[in-house]
Amino acid sequence: MEEIQHVAVIDFGSQYTQLIVRRVRELGYFAKLYALEDFPQIGKPGAIILSGGPRSTSEADAPDLDFTQLMGFGVPVLGVCYGMQLLNIKFGGSVEASDKREYGPAKLVPAAPCGLFDGIAHESQVWMSHSDTVSRLPEGCQVIARNQHGTPVALQWGEACYGIQFHPEVTHSHEGTRILHNFLLQAGKLEPFRIEDFKKELLADIREKVGGKQVVCGVSGGVDSTVLAVLLHEAGVKMRAIFVDHGLMRKDEGEEVRSNFHRMGVPIETVDASERFLTALAGVTEPEKKREIIGNLFIDVFWDAVGDAELLAQGTLYPDVIESASNAKSKASKIKTHHNRVDRILELQAQGKVLEPLAELFKDEVRALGASLGIAHDILHRHPFPGPGLAVRCPGEITEDRLEIIRECDAIFIGHLKDKQWYDKVWQAYAALVPVKTVGVKGDERSYEWAIALRAVISEDAMTADWVELPYSILRETSHDILNQVKGVNRVLYDVSTKPPASIEWE
Ligand code: XMP
């Protein structure tokens, strides 16, 4: 494989390390995260960033790296927080341990001309999160910035070796990205971040890890698991992609998932477990109980289908990776709930049998990777759909009749959103059944039927959400079609609740 001259980010365990990688990639450069123990294998980087970390350089077994090797690369180095303190010690200075933590905003006051702060406003806000501080500077070290109290917060040793006490990667450092960019400009020629290159690396990595073994993955039709399965297929490894149909899918969704994979030439196995799920859910109305039943059954059905897996692949993304002081990525991985047979997964993980090829990517990067694998736009840009499916859109009892009503109404609503080019403007939209029957009139007869709630929200991260001011014409046409076409519904409501206090789903 052709070598890419990348930016190597060395992980000293800060919760923000992944963000450094993210920012560098946003700036258009290829960045890779390395666990500290992998430092000797970082290849030929064009620039090196040493991350922050929770430890103190004064500890006996403080995280350390080979300074001679670091300098031997002859490339610009930026130490952030712990990285800066470590560099200061390596250059012959010292660091004072402290129990007191400085956490929060500070002002950045440049103290000497330095390219790192080109174009940065005077007293720009930066974000601190540290306890130890630099106490003695080695000979030849220059203070290039101080905080508002005159304390050094940025140092330069030699020509292109910098240290900053603050975190440029967090948005609270208002011009942090620019500072990172200024640093990278010192590096001369860096390779741009191209998803194509990244794909090549991933494919080579998968081939190496899987070898002749068989790898199993679950597919749901969602973005992450689809990209994962197509990637494994592209790598040409022996794989089984298993799709568990729990009977809580939207209209024609199971068939769509199968035909999408068929079109992409990726074989999948479907396990139709809908009857088992509906039977297990019969008569259950308590939301948490429903979730528990679905979660446990899913795991059982999935693992029964898996049998003796040699390797399991999961579509874990960067944001799924738990904030961790550990610098071992896989150790910090959160297990996706739909594969959560914890004992089994942990066992496989301990044996190094869990692959998480997407674990360095953010959602938009996964979409770009998917596009470069030839996955259709529609699949890559579908709204999020919860693991428990329509169960979280059917308060009260879950019956096939109710699910059928939800499916029909949902399909009508989503159809109108797509027709009117509103689907992509909305973060998530759906129809839910309101388990209340009210009186209405149909023809000459009195009806006593369910109400349907339509919900459309925008959100950044699903933690908060706002309802969308859809054009009345869409609501009117959707309501008209539902009331005329869907048996059992005589009222359509539009949900105008923000999250919080409401949730996105109606469970
Ligand atoms: P709530 O209803 O909690 O939903 O505001 C926030 C987001 O999470 C999705 N969601 C889930 N996704 N498994 C998932 O994969 C789940 O169990 C689950 N429950 C909720 C929901 O669709 C929304 O995007």
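How far is an oxygen atom of the ligand from an N or O atom in the side chain of R291? Select R291 and the ligand together: the distance is 2.7 Å, a polar contact (a pair of N or O atoms within 3.5 Å; within protein, one must be able to donate a hydrogen and the other to accept it, and residues adjacent in sequence count only if both atoms are side-chain atoms).

Before moving on, some ground rules: this is a predicted model, where local features need pLDDT of at least 70 and side-chain atom pairs count only at pLDDT 80 or more, while totals for chains, interfaces and linings use all residues. Residues are numbered from 1 along each chain as its sequence is written, and side-chain values use heavy atoms, leaving out hydrogens and water.

**Stop 1**

Then pick I504: here a polar backbone atom is 2.6 Å from an oxygen of the ligand. The protein covers 71% of the 490 Å² of accessible area that the ligand has on its own (Shrake-Rupley method, 1.4 Å probe; for residues, only the protein chains shown count as cover).

Now show the whole shell, meaning residues with a heavy atom within 4 Å of the ligand: R291, P386, G387, P388, W427, Q428, A462, K499, S503, I504 and E505. Colour them by type and you get five nonpolar, three polar and three charged.

**Stop 2**

Strands here are DSSP runs of E, at least two residues, and helices are runs of H or I, at least four, numbered from the N terminus. Two strands pair if DSSP finds at least two bridges between them. Five strands make an open, parallel sheet in the order 14-13-12-15-16. Its edges are strand 14 (268–272) and strand 16 (354–355), each pairing on one side only. Select strand 13 (residues 238–245): five bridges join it to strand 14, and A241 has I268 as its bridge partner there.

**Stop 3**

Next comes an open sheet of nine strands, ordered 2-1-3-4-11-10-9-6-7, with mixed pairing. Look for strand 2 (31–35) and strand 7 (124–130) at the edges. Zoom in on strand 3 (residues 47–50) and strand 4 (residues 77–80), which pair in parallel over three bridges.

Definitions and conventions:
Nonpolar A, V, L, I, M, F, W, Y, C, P; charged D, E, K, R; others polar.
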